[in-house]
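Here is a briefing on a structure, arranged by topic. Start with the sequence and the model.

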Amino acid sequence: MTQVLLPRALDELWDFLEEDPNTAVYSGGTDLLVNLRGGRINPSRLACLERIEEIRGVRDAGAAVFIGAATTHTHLLENSLVSSEFPVLTKAIRVLASPAIRNMGTIGGNIVNASPAGDTLPPLYALDAEVEIVSRKEAKRMPVSDFIVGPGRVRLGANEIVKGVWIRKAPEFNVRHFEKVGLRKSQACAVASLAAALSLSEGGKIERARLAWGSVGPTVVRSAEVEEALLGRELEIQMLAEVARLVERAVSPIDDVRASAQYRRIVAGRLLLRLAESGCKN
Amino acid sequence: MGEVRRHKRHSEGALHIGASTPRADAYAKVTGAEKFAADYYSSDMVWAGVKRGAAPHGVIKGIFTDEACKAPGVIAVLTHRDIRGSNRQGVVRKDQPVLADKKVRHCGDAVALVLAEDRETLLRALDLIRLDLEALPGVFDVEEALKDGAPLVHEDNAGGNTLLEAHIQTGDGLTAFERCDEVIEGRFETPWQEHAYLETEVGWAQQQNDGKVVIVASTQTPFRDRAEVAEAIGLDLEQVRVIAPYTGGAFGGKDGITVQTLLALAALHSNGRPVKMWWEREESFIAGTKRHPTRLYYRLGAKGDGVLHALAARLYFDTGPYDHLGGVVMTLALEHAGGAYRIPHALLDAWCVYTNNPIGGAFRAFGVTQVTAAMEQMMDMLAARLDMDPLELRLKNALTRGEKTCVGVTLTGSTGLVECLERVERHPLRTERYAWKAAAGPFKRRGVGIAALMHAAGYGTVVPDYANAKIELTPEGKIRIYCGVVDMGQGNASANAQIAGSILNQNMDSMELVLPDTDRTLPSGSASASRCTYTFGNALIGAAEILKNRILQKAADLLMAPSTDDLTLAPGKVVNRATGAQIPLSRLGRLMAESERTAISHFRAPVAKDRLDVTDELRLHGLGHAVISYGAHLAAVEVDEITGAVEVVSYLSATDCGRALNPQIYEQQIHGGICQGLGFALFEDFRVEQGTVKSPDLATYIIPTAPDTPNMESLPVELHEPTGPFGLKGVGEIATNGPAPAVANALADACGIRMFRLPMTPERVLLALRGRETR
Ligand SMILES: Cc1cc2nc3c(=O)[nH]c(=O)nc-3n(C[C@H](O)[C@H](O)[C@H](O)COP(=O)(O)OP(=O)(O)OC[C@H]3O[C@@H](n4cnc5c(N)ncnc54)[C@H](O)[C@@H]3O)c2cc1C
């Protein structure tokens with residue numbers, strides 16, 4: 001039997017965490033409970049974050065949007081601010097797990113779990129999102145790409161939690177694309193994924209490009225070389241196929257039970273081709 | 001225990017054959033009221049669990065249980081030394097120990113049985129057991145296993161690692177290839193398939209004061225289980241009672257012993273307390289049976305006009321370390337190896353082989369899925385070579401009633417393959433296929449493929465395929481059916497109510513079902529082999545007719561009618577049409593003696609009468625069936641050239657399974673079969689390396705989800721089967737056989753690649769597409 005604590009405010013949470021440093025926090029539990037059952041973690045008790053109002057919901061902060069860590073995927077899917085400002089994130093969440101898991105799972109859990117296959121991560125990397133970390137004494141922000149250091153490894157100290165993510169609005173991006181390659185249409189762990197935000201000029205030339213790949217390295221992959229190679233070009237198949245070669249070199253996938261490194265590498269590159277369909281449109 | 005299922009919430013009106021009556025089990029299952037084996041708990045219950053060897057092959061040097069025994073909350077720790085019986089189980093060959101004694105032969109072998117106060121204690125105790133195993137070299141490949149010097153799985157088996165082999169020659173055998181204009185060859189590999197039922201292997205057992213052990217188990221085979229349990233642990237048959245509730249899925253994975261013997265053994269050591277065992281998902285994956293993986297070598301020869309002339313096939317089945325049903329599965333596959341085609345000359349060889357891999361066993365469609373995947377791709381390869389339409393090629397060679405299959409079995413029953421193919425031929429998915437294919441979007445290729453199917457029902461020539469139906473008019477005036485065959489979800493219990501209800505002109509509210517129970521219902525064989533409603537239904541018709549006559553006779557006596565001529569059964573009563581007089585069934589039920597208001601009838605299924613030139617052993621394993629269903633499937637697929645993903649967009653099936661007693665249940669069977677077949681075709685890749693399972697759970701073993709499932713249309717082709725109850729044939733398995741070849745053929749149609757290995761995962765497809773580009 002494990003004790004489960006249900007704090008209603010951050011102050012209450014800090015008390016719990018200080019009382020017993022072996023207390024694990026969780027939100028939806030959709031990663032934590034799997035690890036608990038598998039015997040990979042052994043906390044003395046659990047503190048649930050989902051009732052803490054300060055870290056839930058989506059807030060418009062003018063130039064940026066704040067998403068509370070304990071906001072569920074379902075909530076984000078239904079949020080019009082998120083879908084209008086960050087459609088690439090919405091597209092990713094739409095194919096994350098299944099309705100039941102999206103009802104429970106949260107964006108904060110997805111970030112802290114730091115799986116290379118976490119579906120919100122490529123969009124958050126492509127959007128240059130920042131993670132806000134809080135403890136009883138301080139609050140700080142860092143880019144998501146600094147926060148996540150490896151599979152399942154994040155820069156989070158004792159008695160710190162993720163409060164949420166900050167994403168700057170970026171209306172200049174007019175192509176927002178996400179594709180996940182999984183082994184089925186629902187409940188599929190990504191074998192490779194691509195999030196892309198591009199600005200196309202009137203004439204169809206790429207002016208800005210931010211791309212991020214999931215599941216093809218220990219953390220989400222971004223490549224300055226690839227992004228630069230796209231600048232000034234038009235979204236046509238020949239060019240994308242050439243750049244795909246660069247992608248194959250930029251990623252560092254592994255073989256596992258779901259797919260070989262070879263397949264992940266090829267597909268990471270080929271996913272670019274789909275951008276040709278976007279042409280000048282969103 | 002021993003409840004009777006009553007059915008409320010059904011519309012009024014007597015039951016009819018051919019009506020889509022809601023299933024009798026629907027309401028209780030949807031509301032969660034239905035009690036599955038997994039739902040049996042009691043207050044003083046003991047949890048039982050198994051320590052598994054976790055090595056593919058090794059000699060057991062020692063089993064150290066002291067620490068586990070001493071752990072608080074542990075009631076008993078048992079090993080093979082605690083078993084008084086044969087300690088062997090199996091259906092045909094009893095080669096599987098209940099608890100391993102000398103060796104472990106695969107990773108899932110049970111070595112010790114622990115009884116504990118609760119589940120946590122049980123898990124801790126299992127960890128405390130230490131095994132001293134001396135590793136032996138393992139054998140993991142069917143063809144390697146047959147070579148001289150291969151490690152032996154059973155040292156005492158006369159055939160080495162061969163469990164069963166078979167050779168059938170018809171016509172001129174191989175020499176007929178000399179007279180063929182075209183010869184096509186293919187080597188196919190099919191993987192294990194895991195049943196992945198919602199309800200993993202589970203049961204509950206208790207020894208009563210009189211010494212009898214009562215077992216409630218999720219099983220397809222209560223009567224066979226009883227005999228196996230008794231023999232393995234040294235009890236008399238009468239000392240074992242097996243009760244089989246509706247299962248939470250079975251699909252062949254519960255066609256035989258899973259937890260039953262272990263539970264009974266535990267119940268002998270729990271001081272009379274009830275015992276429960278429930279395998280975890282991972283345990284089910286490792287220890288449960290799977291569809292046999294196969295390697296299939298095919299050679300098919302035809303004349304220039306597409307008339308099939310010769311077939312040669314070598315079939316290898318990997319049964320793992322135990323027979324389970326391996327020999328029988330292989331034999332059914334052999335009988336279907338050439339499909340429903342006229343092939344005058346054939347040489348078919350098959351081997352069922354012991355290895356140190358997971359246990360192969362029954363899985364919906366029982367070996368036929370594997371050979372159909374190969375043969376139906378061969379047909380398309382031949383059509384391509386001849387530049388013929390694949391459907392036309394099949395029509396040209398399709399067997400009709402009175403003709404012989406390539407193993408020499410004469411088709412004596414209704415034979416509707418041609419009708420099925422014609423239904424598909426006229427369907428818009430086929431007639432409009434060119435336009436649909438041309439409309440594919442960027443990076444998409446579309447293709448349409450078909451497959452022709454046959455699937456025989458029942459046990460074959462030697463093992464009697466019989467059922468004993470019992471029906472009763474209760475003192476309350478209800479009709480109680482004692483179902484002898486398990487309903488594992490396919491709806492045969494409902495079909496029983498519909499059959500008896502229609503004969504006795506009663507509505508669903510009057511029907512009561514007693515589910516299989518070795519103390520209450522009569523032996524009627526297993527829930528398997530597409531036989532359940534065919535065999536039991538035939539027996540039930542006999543019993544219901546007897547009861548009907550008895551009821552009418554009694555009513556005539558009571559109403560002082562000169563004969564039964566004017567009497568008719570109506571819902572809840574008997575009516576005299578001449579006088580208008582009525583008598584309620586409840587009154588009749590009270591006035592009739594038990595022996596009068598109970599009727600029993602026996603039915604034994606017909607078998608093939610051909611004198612086949614095969615060994616007695618092969619006949620014992622089932623060769624030669626008489627009742628056969630047919631089908632034609634069409635898959636319309638879209639292939640993504642960027643990822644290699646194959647999406648099945650639409651799926652059509654036409655099935656000759658005789659009369660559809662209940663169109664809704666018929667459709668559910670077809671849909672379920674197609675979904676499992678699509679899993680086999682595209683998704684399910686059970687990985688085993690050197691005997692170790694590498695896809696240990698549902699996160700790594702990918703089964704299709706609802707969005708992966710296409711629109712499915714299932715057309716019944718209702719040819720009347722003269723021997724079937726109301727003209728019915730089996731429908732439970734056939735649909736599983738279509739998707740692999742239909743999708744493979746559609747994939748070839750879409751982009752010219754042929755997949756000789758299942759499943760056709762995006763990775764394999766993409767690599768094949770690239771291979772084609774660079775060639
Ligand atoms: C069946 C199934 C399918 C899945 N499919 C997908 C999928 O398709 N794509 C995908 O990306 N993921 C998938 N997941 C994983 C999971 O659902 C997601 O990662 C989800 O976003 C996790 O959120 P959660 O709130 O449930 O996390 P939890 O399990 O509550 O927490 C996960 C980890 O993060 C920590 N944590 C949570 N919130 C905070 C916080 N605010 N501050 C600090 N630490 C915190 C916890 O301590 C824990 O270590 C799947 C999971 C399951 C069970």
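A polar contact is a pair of N or O atoms within 3.5 Å; within protein, one atom must be able to donate a hydrogen and the other to accept it, and residues adjacent in sequence count only if both atoms are side-chain atoms. Between chain B and chain A, twelve residue pairs are in polar contact, both residues at pLDDT 80 or more. The model is predicted: local features need pLDDT of at least 70, side-chain atom pairs count only at pLDDT 80 or more, and totals for chains, interfaces and linings use all residues. Residues are numbered from 1 along each chain as its sequence is written, chains are lettered from A and ligands numbered from 1 in the order in which they are written, and side-chain values use heavy atoms, with hydrogens and water left out.

**Interface of chains A and B**

- Chain B gives 27 residues to the contact and chain A gives 22 residues (contact: heavy atoms within 4.5 Å).
- The two chains bury about 2,300 Å² between them, with 55% of it on carbon and sulfur atoms. Buried area is the accessible area (1.4 Å probe) that two parts lose on being put together, summed over both.
- On the chain B side, Phe443(B), Ile642(B) and Glu763(B) lose the most area to chain A, together 25% of what that side buries.
- Four salt bridges are counted between chain B and chain A (a side-chain nitrogen of Lys or Arg within 4 Å of a carboxyl oxygen of Asp or Glu).
- Glu280(B) and Arg37(A) form a salt bridge through their side chains, at 2.9 Å from N to O.
- Helix H20 (residues 762-774) of chain B supplies the largest share of the side that touches chain A, five residues. Helices (H or I, at least four residues) and strands (E, at least two) are DSSP runs, numbered from the N terminus.
- The side of chain B that touches chain A holds twelve nonpolar, four polar and eleven charged residues. Ala, Val, Leu, Ile, Met, Phe, Trp, Tyr, Cys and Pro count as nonpolar, Asp, Glu, Lys and Arg as charged, and the others, Gly among them, as polar.

**Salt bridges within chains**

- Over all chains, the count comes to 62 salt bridges.
- Glu130(A) pairs with Arg141(A), the closest N and O atoms being 3.5 Å apart. The pair links strand E6 (residues 130-134) to strand E7 (residues 139-143) of chain A, eleven residues apart.
- Glu130(A) is partly exposed, at 23% relative accessible area. Arg141(A) is partly exposed too, at 45%. Buried means under 20% relative accessible area, exposed over 50%, and partly exposed in between (1.4 Å probe, protein chains only).
- Asp685(B) and Arg764(B) meet in a salt bridge of 3.5 Å, N to O. Asp685(B) lies in the loop between H18 and strand E32 (688-689), and Arg764(B) in helix H20 of chain B, 79 residues apart. Both residues are buried.
- A network of salt bridges links Asp141(B), Glu143(B), Arg187(B), Glu189(B) and Arg295(B).
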